[in-house]
Amino acid sequence: MKTVEFKTIYLKKRFPLKISRGTFSGSENLFVYVSDSKSFGLGEMCPGATEGAESAEVGQKHLEDFLKDVGGLSSSIWDIYFKAVDFGVAPCAIAALDMALWDLRAKEANMSLFRLFGLGLPSVSTSVTIGIMSPEEVHERVRYLNEKKMLENLKIKLGSPDGIDHDKEMFSELFEFLQRNSSKLKVKLRVDANGGWSVEDAHKMLIWLHERNVEYVEQPLSWGEEENLRFLFKDRPLPLFVDESCRNSKDIPNLSNYVDGINLKLMKCGGLTEAMRMVGVSRAHNLKTMIGCMGESSVSISAGASIGALFDYIDLDSHLNIDPNPTSGAPLVNGIVTPQNIPGHGASLQDA
Ligand SMILES: [Mg+2]
């Protein structure tokens, strides 16, 4: 007989993150414990209105109602995932339950979760996000990231509400600073517009960013404008990824006509079970894969890192920007967010 308990903790960001939709200084996340007589599994939900639960309280209510209805957690993890989807549980809340169940299963097997999945350790270094900021702030942030050895791949948030001139100004400041210090700083640049551009602006920016060695552009158009991606895909100078436009595996076949890859997130898709399905569907459609994150601590990031070996690109950096961080796990090892080789996903909550 498995029991489920909940805990809510506010996680403050060291640096508030500004993207095209607004500024985020922290989040109240829900931690889920699934226990049996011998051990427990730990999961986490970072709330989000677009992920179905705008607060920890709403996510907990979704899970409590589901658990009452389903009458226990004795069936397979896959079965529980599909039942929770059918019941209408928010994807971010399912993700917390799903990763707690996988953590518990791996602990029962006395294996690290990545080994339970038949995987090795991830070998791809993570992107670190730079939000929309003034040109002056850019220098300071790059110096900080360099000191912390976090400057391997930068994901720059563009799509500023102030328009593409502001985007260009911020990007140029960063680009020129890196050029001036190119002997010391070897950085790969990626751009995420978070849906902040029109088709016309996106077209201009893709050409402009291609000239500045950007590797790929993520979510150029807003969620809901997927049909317009066709106008960018044709003759694109850079690979296009979608994030907000791709919620789960059902979205992938249609998107594969207009994009080169998808960025999946555990909070968006409903957890590890669906994430693995998305990787399979993406590969079947010749798409590149990326795993990203919301405002998650080391718990959810460790779960994501456990399947990190499946991805072409990794963007698991939110735990590095939480201060104080009450969780531990998934340390940065030579730029790679690395799950610990201990039973389960390897993360813990300090007072648990
Ligand atoms: Mg994104």
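## Ground rules

What you see is a predicted model, in which local features need pLDDT of at least 70 and side-chain atom pairs count only at pLDDT 80 or more, while totals for chains, interfaces and linings use all residues. Residues are numbered from 1 along each chain as its sequence is written.

## The whole chain

The protein chain has 12 helices and 15 strands. Helices (H or I, at least four residues) and strands (E, at least two) are DSSP runs, numbered from the N terminus. The chain's radius of gyration is 20 Å, close to the 20 Å that the globule rule gives for 352 residues, so the chain is as compact as a globular protein of that length. That radius is taken over C-alpha atoms, and the globule rule is 2.2 Å times the number of residues to the power 0.38. Along its principal axes, the C-alpha trace spans about 60 × 40 × 35 Å.

Of the 352 residues, 49% count as buried. Buried means that 20 or more other C-beta atoms lie within 10 Å of a residue's own; exposed means 12 or fewer, and partly exposed is in between, with C-beta atoms placed from the backbone. As for contacts with a separation of 6 or more, residues 24 or more positions apart account for 69% of them. Two residues are in contact if their C-beta atoms, placed from the backbone, lie within 7 Å.

A crossing is right-handed if the near helix is turned clockwise from the far one by less than a right angle, and left-handed if anticlockwise. The axes of H5 (residues 135-147) and H6 come within 9 Å and cross at roughly 40 degrees. Axes are lines fitted to C-alpha atoms, for helices over the stretch in contact, and angles run from 0 to 180 degrees between N-to-C directions. From H5, Pro 135, Val 138, His 139 and Val 142 meet Glu 169, Met 170, Glu 173, Leu 174 and Phe 177 in H6. Sorted by type, this contact has 6 nonpolar residues, 1 polar and 2 charged. Ala, Val, Leu, Ile, Met, Phe, Trp, Tyr, Cys and Pro count as nonpolar, Asp, Glu, Lys and Arg as charged, and the others, Gly among them, as polar.

H6 (residues 164-180) also meets H7 (residues 199-210): their axes come within 11 Å and cross at roughly 20 degrees. That makes H6 roughly parallel to H7. Angles under 35 degrees count as roughly parallel, over 145 as roughly antiparallel, 65 to 115 as roughly perpendicular and the rest as oblique. Here too, H6 passes H7 in a right-handed crossing. Ile 164, Asp 167 and Lys 168 of H6 meet Asp 201, Lys 204, Met 205 and Trp 208 of H7. This contact divides into 3 nonpolar residues, no polar and 4 charged.

## H2 against H3

H2 (residues 77-87) and H3 (residues 91-108) pack at an angle of about 170 degrees, with their axes 10 Å apart. The two helices are therefore roughly antiparallel to each other. H2 brings Ile 77, Ile 80, Tyr 81, Ala 84 and Val 85 to the contact, and H3 brings Ile 94, Leu 97, Asp 98, Leu 101, Trp 102 and Arg 105. Those residues divide into 9 nonpolar, no polar and 2 charged.

## A covered helix

How many residues of H12 are buried? In this helix (residues 298-306), 9 of its 9 residues are. Take Ala 303, which lies in H12 and counts as buried with 33 C-beta neighbours inside 10 Å. Leaving aside neighbours within four places in sequence, Ala 303 is in contact with Met 99, Leu 266, Leu 272 and His 345. Ala 303 and Ala 100 are 203 residues apart in sequence and 9.0 Å apart in space, C-alpha to C-alpha.

Most residues other than glycine have a negative phi, and most peptide bonds are trans. Asn 213, in the loop between H7 and strand S7 (214-218), has a positive phi of about 65 degrees. Asn 334 has a positive phi of about 50 degrees and is found in the loop between strands S13 (332-333) and S14 (336-337). Asn 213 counts as exposed, with 12 C-beta neighbours inside 10 Å, and Asn 334 is exposed with 9.

The peptide bond from Asp 323 to Pro 324 is cis, with omega near 0 degrees. Pro 324 lies in the loop between strands S11 (313-314) and S12 (327-328).
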